[in-house]
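Subject: Structure handover and notes

Dear colleague,

Please read them with the model open beside you.

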Amino acid sequence: MSVKLYAGIDIGATNIKFGLVDAKGNIRFKSKTVTPDATTPDKLFKSIQFCGEQLLITADEEGGEVGSIGVGSPGTVNIATGVVEGTCPNLPGWVGFHLRERLKERLNLPVYVDNDANCASLAELRFGAGQGYENIICLTIGTGIGGTLIINGRLHRGSTFAAGEIGHMKIAVQRNGHTEFENLEKLVSSRAIVNEVRERLEEEMTPTFQNLLGDSIDSLTIRKIFTAIKRGDAIARDVITESGRLLGATLAGLINVINPQLIILGGGVAEGGADFVETVKETIREQALSTVSQNLEIVRATLGNDAGFIGAAFLGSNEKSTEK
């Protein structure tokens, strides 16, 4: 007797992750491929199609039955049409692509498409840190920042499927005596943190980073920044602390409006340690109203990089995931 399996694909700016999951959320197979440096969406689509084909082949080899494939994509996704409609700064040319219909034609089975952060949040709600909660803010802090709102146990997409774009909230920052407004994503994402540390190191290289990077400052990564913090580097510590406070201040305002029970923080920055999550918590306690923050829990995501494809895999079976 064949086993029912759920197939999911998570399109990231760096990697495309894909896998097979059983009904209890257990991963039966997973893999990833590098996201192509695409000048046209067709090149990216071919990689997505390859992932889908690999999932179906693997499921067949394992004696499994796949009824549909779910895909998590950056940007605003119209779940009724499967078209990517919103901004995708990390994937140029992707807006307007008819992902669902194109993939359905190639794989010959139903395809469901949603925003990648939505997929990750649905996985955490069903199998991870969000189990048992009804009102949640979920953030993934990686190359970009993905945000999701879960209200009364349901994913809140908004009137044009664009709710939860927390990474695009404008934040006031002081530069050279002037106030400027930047997207949160340009200040707190792993890319932003790496750029900030690089700029400071170009002014003054520290012994810790000299040891980690040698003569190649271009090899700087978010992981090396967290390693530098463990070794006592002041620049790395300052940048991560500043990032945590910026995120905490942004969330404090949002918490005053939403009044959630839980905030889930995922992605490479949240998982890196160095008291980043603790700094976010402390800032929220300082700046949010006590009536909305006193019972608020702030936790790390538990499903890691697998959350995106796990949530995507259940898009076709989860009625809540297809409601606005």
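This is a predicted model: local features need pLDDT of at least 70, side-chain atom pairs count only at pLDDT 80 or more; totals for chains, interfaces and linings use all residues.

Residues are numbered from 1 along each chain as its sequence is written, and side-chain values use heavy atoms, with hydrogens and water left out.

Overall fold

The protein holds 12 helices and 14 strands, where helices (H or I, at least four residues) and strands (E, at least two) are DSSP runs numbered from the N terminus. Its radius of gyration is 20 Å, close to the 20 Å that the globule rule gives for 324 residues, so the protein is as compact as a globular protein of that length; the radius is taken over C-alpha atoms, and the rule is 2.2 Å times the number of residues to the power 0.38. Buried residues make up 53% of the 324 residues, with buried meaning under 20% relative accessible area, exposed over 50% and partly exposed in between (1.4 Å probe, protein chains only).

The sheet with S1

Five strands form an open sheet of mixed pairing in the order S3-S2-S1-S4-S7, two strands being paired if DSSP finds at least two bridges between them. Strand S3 (27–34) and strand S7 (111–115) stand at the edges with a single partner strand each, so one side of each has no neighbour in the sheet. Neighbouring strands of this sheet are turned by 20° against each other on average, direction ignored. Strand S4 (residues 64–73) pairs with S7 in the parallel sense over five bridges, and glycine 70 stands opposite tyrosine 112 in S7.

Helix H1 (residues 41–61) packs on this sheet, touching strand S1 (3–11), strand S2 (15–21), S3 and S4, and its direction makes about 20° with that of S2. Contact here means heavy atoms within 4.5 Å, and axes are lines fitted to C-alpha atoms, for helices over the stretch in contact, with angles running from 0 to 180 degrees between N-to-C directions. Helix H2 (residues 99–107) also packs on the sheet, touching S1, S4 and S7, at about 150° to the direction of S7. The buried residues of H2 are Leu99, Leu103 and Leu107. They cover an arc of only 40° around the axis, which puts them on the same side of H2; the arc is that of the directions from the helix axis to the C-beta atoms.

The sheet with S8

Five strands form an open sheet, again of mixed pairing, in the order S10-S9-S8-S13-S14. Strand S10 (154–156) and strand S14 (297–300) are the edge strands, each pairing on one side only. Helix H8 (residues 234–258) lies across strand S8 (136–141), S9 and strand S13 (262–266), running at about 155° to S8, whereas helix H10 (residues 276–287) lies across S8, S13 and S14 at about 165° to S14.

Cysteines

A search of the whole structure finds zero disulfides, a disulfide being a pair of cysteine sulfur atoms within 2.5 Å. The sulfur of cysteine 51 is 14 Å from the closest cysteine sulfur, in cysteine 119, too far for a bond, and cysteine 51 is buried with a relative accessible area of 0%. For cysteine 138, the closest cysteine sulfur is also in cysteine 119, at 12 Å, again too far for a bond.
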